[in-house]
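Me: I have a model open and want to learn how to read it. Can we go through it feature by feature?

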Amino acid sequence: MGFEYAPAPESRSIVDIKASYGLFIDGEFVDGRGSSFKTINPATEETLAEVAEASDADVDLAVKAARRAFRGWSRMSGKERAKYLFRIARIIQERGRELAVLESIDNGKPIKESRDVDVPVVAAHFFYYAGWADKLEYAGLGPNPQPLGVAGQVIPWNFPLLMLAWKVAPALACGNTVVLKPAETTPLTALLFAEICQQADLPPGVVNIVTGAGGTGQAVVSHPDVDKVAFTGSTAVGKAIARAIAGTDKKATLELGGKAANIVFDDAAIDQAIEGIVGGIFFNQGHVCCAGSRLLVQESVADEVLARLKRRMGTLRVGDPLDKNTDIGAINSAEQLGRIRELSEIGVAEGAERWAPACDLPSSGFWFPPTIFTGVTQAHRIAREEVFGPVLSVLTFRTPAEAVEKANNTPYGLSAGVWTEKGSRILHMASQLRAGVVWANTFNKFDPTSPFGGYKESGYGREGGRQGLAAYLKGADA
Ligand code: NAP
Ligand code: MG
């Protein structure tokens, strides 16, 4: 086992969570016309706040506000729009600790991650797209690029603020206005972002936040005056949205699930690969669409890799998300925990061998230990379906060709990882893998300048980079 660590809790006094929240429409917080729901802290099950559930009528008001705001916002010079985006980016940095603590409380992710990954990458996205706002005609997307209009954006609970940034920053930079629906279990940082929009004096209606569940999301994407739909979430809901907007002239980007192969060759630097395997699957409790959830390890080094991986897993600290030493926080919801348990039990029933280090889990809240399955075959459901939790399936291969075949044997195609000392092998694998992102000797690295998106059932369209602008401009093709 690892060292004993004294508790190192981050103070939550920096956040001021209100008892109840309304909707953010036309620059103001307003009461919804629908009912309300509770958001909880998944590490303790305490209720954090009561949040308005936007009805169809509320969504309609938000879309109307966005439409009114579009006139001014789209005609404003790029240079002026950039000023607002730079201001938002700076406020995100200034209020970074508050955002990180609130994200960890509402979502369950370790403060180490919300503080060092989520919030800095969120700020970086706003800075990056602020820089594009007055340079759109140089983006290689046509001589006089024009915004689409009102964007309806629906995001999941695994990276609440980061997914907001991926959607809002490019939309605004291009001159669109937005109506965004955060996930039901993690609405609080989107509502704090609404306050930041007020603080930045963003013109009313440019950003509208409508909280709610699936029904609210449906109202946003199917509203007739929404020109562009941007969705991140499950493949099942993505397909439902594609059906709902078929036959309309709405433009859409869908960022869906994944089942990434993380491929370790026998010449890889093993200790470095172990860190990449751990980060690939246990980062954010494995609630990551691009998680390296299938480890493909070359047979000749499989025993050594597994032994070192198990030793490393024994040092992972699972527990209080606000403790600065925590590596793995709480599972986001009882429902998600149920899904992870069910698929893990199916893994055992189908004949795979389950292993997890001994670890004390807190008595309240939702927890799952870091887990690996060995003896997994490609037919097993844990090798095919997204577990979306801290569960790794281990498979082996003998030749590069077999690695490619197994890696691509999935309905998804979002990401992959390759670990080898050979540069030529990295390039060869990257050209063979049907995945939107291929990481070489690293994993789960996010940068606003680089496009992200999938093949096959992982969706279509790209977010991030110059390509991410195309999703918010008329007639543009990245
Ligand atoms: P989800 O059920 O698809 O939910 C995503 C969002 O859609 C939530 O805001 C949800 O509201 C809303 N929604 C549900 N039903 C809807 C409908 N019929 N019409 C419109 N909106 C609807 O997915 P999740 O369980 O929250 O997230 C996990 C999934 O997202 C995983 O499969 C993961 O791979 C995928 N994901 C993909 C990416 C990517 O970039 N490709 C990133 C993150 C996550 P509620 O919150 O109320 O359910
Ligand atoms: Mg919550």
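Predicted model: local features only at pLDDT ≥ 70, side-chain atom pairs only at ≥ 80, totals over all residues.

Me: How many bridges join β4 to β5, and in which sense do they run?

Reply: Strands of a sheet pair through backbone hydrogen bonds, either parallel or antiparallel. Two strands count as paired if DSSP finds at least two bridges between them. β4 and strand β5 (residues 47-52) are joined by five bridges and run antiparallel. They belong to an open sheet of three strands, in the order β1-β5-β4, with mixed pairing. β1 (20-21) and β4 (36-40) stand at the edges with a single partner strand each, so one side of each has no neighbour in the sheet.

Me: Is strand β6 enclosed or open, and why?

Reply: Check burial. A residue is buried if 20 or more other C-beta atoms lie within 10 Å of its own, exposed if 12 or fewer, and partly exposed in between, with C-beta atoms placed from the backbone. In β6 (residues 150-154), five of the five residues are buried, so the strand is largely enclosed by the rest of the structure. Val150, Gly152 and Val154 point one way, and Ala151 and Gln153 the other. β6 pairs with strand β7 (residues 177-181) in the parallel sense over five bridges. Alanine 151 has valine 178 of β7 as its bridge partner.

Me: How is the chain divided into domains?

Reply: Domain bounds come from an automatic or database domain assignment. Here there is domain 1 (20-256 + 456-470) and domain 2 (261-440). Their centres, taken over C-alpha atoms, are 30 Å apart. Two residues are in contact if their C-beta atoms, placed from the backbone, lie within 7 Å. By that test, 19 residues of domain 1 touch 24 residues of domain 2. On the domain 1 side, α3 (96-107) and α4 (111-132) are the elements giving two or more residues.

Me: Which residues have the most contacts inside the largest nonpolar core?

Reply: A nonpolar core is a set of buried Ala, Val, Leu, Ile, Met, Phe, Trp, Tyr and Cys residues joined through C-beta atoms within 7 Å. The largest one has 95 residues, and Leu85, Phe126 and Val179 have the most contacts inside it. Helix α5 (residues 160-173) gives the largest share, eleven residues. A second, separate core of 61 residues includes Phe368 and Leu395.

Me: Which residues come nearest to ligand 1?

Reply: A residue is near a molecule if its C-beta atom, placed from the backbone, lies within 6 Å of it. Ligand 1 has 28 residues around it, and Glu184, Gly214, Gly217, Gly233 and Cys289 come nearest. The largest share of the shell, four residues, comes from α7. Both α7 (214-222) and α8 (235-245) supply at least two residues. Domain 1 and domain 2 each give the shell at least three residues.

Methods:
Residues numbered from 1 in each chain as written. Chains lettered and ligands numbered in written order.
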